[in-house]
Protein chains: 2
Amino acid sequence: MSSSESQLARLLEPVQPGIERMREVMLRQLIESSHAVGDMTDHVGRFRGKQLRGALVLLSGEATGNTTDEHPAVAAIVELIHLATLVHDDVLDGASVRRRVACVNQRWDNQTAVLLGDFLYARAFALSTDLSSRLASRVLAEATRRLCVGEIDQAALRYDFELSQERYEEIAGAKTATLYAAACELGARYPGGREDVGSSMRQFGYELGLAFQIIDDCLDVVGDERVVGKSVGNDVEDGKITLPVLYAHKVGDDATRAAIRDVFTRPDLVGRCERLRGVCDLAAGVEFAMARAKELVDRARDRAARLEPSAHRTALMELPGFVLERRW
Amino acid sequence: MSSSESQLARLLEPVQPGIERMREVMLRQLIESSHAVGDMTDHVGRFRGKQLRGALVLLSGEATGNTTDEHPAVAAIVELIHLATLVHDDVLDGASVRRRVACVNQRWDNQTAVLLGDFLYARAFALSTDLSSRLASRVLAEATRRLCVGEIDQAALRYDFELSQERYEEIAGAKTATLYAAACELGARYPGGREDVGSSMRQFGYELGLAFQIIDDCLDVVGDERVVGKSVGNDVEDGKITLPVLYAHKVGDDATRAAIRDVFTRPDLVGRCERLRGVCDLAAGVEFAMARAKELVDRARDRAARLEPSAHRTALMELPGFVLERRW
């Protein structure tokens, strides 16, 4: 375990029993009598990730004095939806498109990814219809819709250097913060009522999720592949204009702007991300974006600080800082 | 309008007002403030198809004396789920893969198809959570899961000539008949209770849907592209072994079997479907498959015949024959 991983494990300590139950529910959902499906779900079942979204359902519930036997199932549904989006990202992202050229059975892999993602979404919604309250189905179907809109908008606005920071944040918010917000809202509100505390925790989740995405975008342009644990530079390859790049473009002179555009758009360019670092002050862009992430993280922490003191509140107050410091 | 189309329009006449309301609900769900999403949903909104599944919700409700104000919305949800599967089929099917080679922006199209399909699924589930009863959410989330399993199984069993007819029907049933069955069950049962009549109508839908898929599989190997209205021969190109081919393979001698396998698997073969007709008695396979479809259609009609006489019962009794005769 890296020091970041053990730090996160320590933060999530107060909800460890709930996380174990969430994982059990998830694994049960991945069992299928079909061998073909079973092979695939075995594979994705091994992928754990940080499971932050699921953990937030539990933490948000405990910290606001709202815990039910169904919270681990709600957390599992949130994680299944997140897993479905990751699986579909494998079809969408540029890395996959680039691998396609080399990989003869890419088509099969694409099929697999689309169908498996659909299966995971369906499992998640089917599980939500078994719960005693409809709130999880409602909040999560709506969150999934917004998440898709965010992804579609992002794809439509590739190579758009005139994107405003506000629009960038709307899209990053829709595609990432929406599910964080839904997780925190459901933790605080499920099975119903409690609109006020639900709304406040939804805000907390939104700020945390948006900060998470901004930092993700920074790591993609300046992160170390070995530390981040996935390939970096994907956004530049895919034409996604993220906050650090938007800023570097905005403050650059005409020559710098032209050079940035060239790095993004010239056909068959190799190593776009390294080249980008060479043609503009990307460090200034990252600094600007990280300052914005820090603002959001501070706001989220202040929000958590208003809750009654408890080990769970402490975890919610420390998570934003963890997100800000993360390098993976 | 072709004679088939006007025949179908005549059959659906008794639920025409409900179909209009279903279409209004669907179109409302396709409205999105995002321009990028709006462009896409405008595009798919123009695609109408036969809307048989939605119509079956309405017919099954009326014919069993179970009609509510929410039936058109339930029908719209069923059609949105069907639309989502069609959009994802564009990513999955061989035609798309073949077009990819020629089309420089295929990657964008693939992205579009995956995200738009996800959006449509999410819209469908979100709409179902607004209904007064949870039955539609439950039945349709489960149907969607089975549909995905059927698609995954089919993909995993490509090029498997040892497939039994039973297994072929299980898969065709899961991927197609499940949604027909859910539509008919919900028509008869929504908002709840009425398990007996729901179960009988679910069977009706399953038989009708399975017959529909078997006939689809026949049209793909012997249909006329101009009449069917979509490219044919896709299953052979994609390695999907359907009932007519399974039968031709089973009754063929060793040389015929080897020739069939060769047509399916030899790399870079052009015009596999025409070649297939040349190496085996595909007509006998189609005859066998159509006889099986007729069995199913007769069973469905007998089931509908047990309902109280009405214009809606008449439509349900005539629909199976229409499905059997269809050439599109």
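This is a predicted model: local features need pLDDT of at least 70, side-chain atom pairs count only at pLDDT 80 or more; totals for chains, interfaces and linings use all residues.

Mentor: Copies are superposed by least squares on the C-alpha atoms of residues with pLDDT of at least 70 in both, where pLDDT is the predictor's confidence in each residue, from 0 to 100.

Residues are numbered from 1 along each chain as its sequence is written, and chains are lettered from A and ligands numbered from 1 in the order in which they are written.

For the complex, the predictor gives an ipTM of 0.92 and a pTM of 0.93. Chain A has a mean pLDDT of 90, and 91% of its residues reach 70 or more. Residues 94–107 of chain A, however, have a pLDDT below 50, and in the model this stretch makes eleven contacts beyond near neighbours in sequence.

Where the chains meet, 35 residues of chain A are in contact with 35 residues of chain B (two residues are in contact if their C-beta atoms, placed from the backbone, lie within 7 Å). On the side of chain A that touches chain B, at least two residues each are supplied by helix H3 (35–45), helix H5 (71–92), helix H7 (106–129) and helix H8 (135–156) of chain A; such helices (H or I, at least four residues) are DSSP runs, numbered from the N terminus. Sorted by class, this side has 18 nonpolar, seven polar and ten charged residues (Ala, Val, Leu, Ile, Met, Phe, Trp, Tyr, Cys and Pro count as nonpolar, Asp, Glu, Lys and Arg as charged, the others, Gly among them, as polar).

On the H16(B) side the contact is made by B:Ala293, B:Lys294, B:Val297, B:Ala300, B:Arg301, B:Ala304 and B:Ala305, and on the H17(B) side by B:Arg313, B:Leu316, B:Met317, B:Pro320, B:Gly321, B:Val323 and B:Leu324. This contact has ten nonpolar, one polar and three charged residues. Axes here are lines fitted to C-alpha atoms, for helices over the stretch in contact, with angles from 0 to 180 degrees between N-to-C directions; those under 35 degrees count as roughly parallel, over 145 as roughly antiparallel, 65 to 115 as roughly perpendicular and the rest as oblique.

H17(B) also packs with helix H10 (residues 195–222) of chain B, at an angle of about 15° and with the axes 9 Å apart, and these two helices are therefore roughly parallel to each other. Here B:Leu208, B:Ala211, B:Phe212 and B:Ile215 of H10(B) meet B:Leu319, B:Pro320, B:Val323 and B:Leu324 of H17(B), a contact with eight nonpolar, no polar and no charged residues.

Next comes the loop between helix H9 (165–189) and H10 of chain B, where B:Pro191 is found. The peptide bond from B:Tyr190 to B:Pro191 is cis, with omega near 10°.

In chain A, helix H16 (residues 282–305) and helix H17 (residues 311–325) have axes that come within 8 Å and cross at roughly 175°, so H16(A) is roughly antiparallel to H17(A). A cis peptide bond also joins A:Tyr190 and A:Pro191, with omega about 10°.
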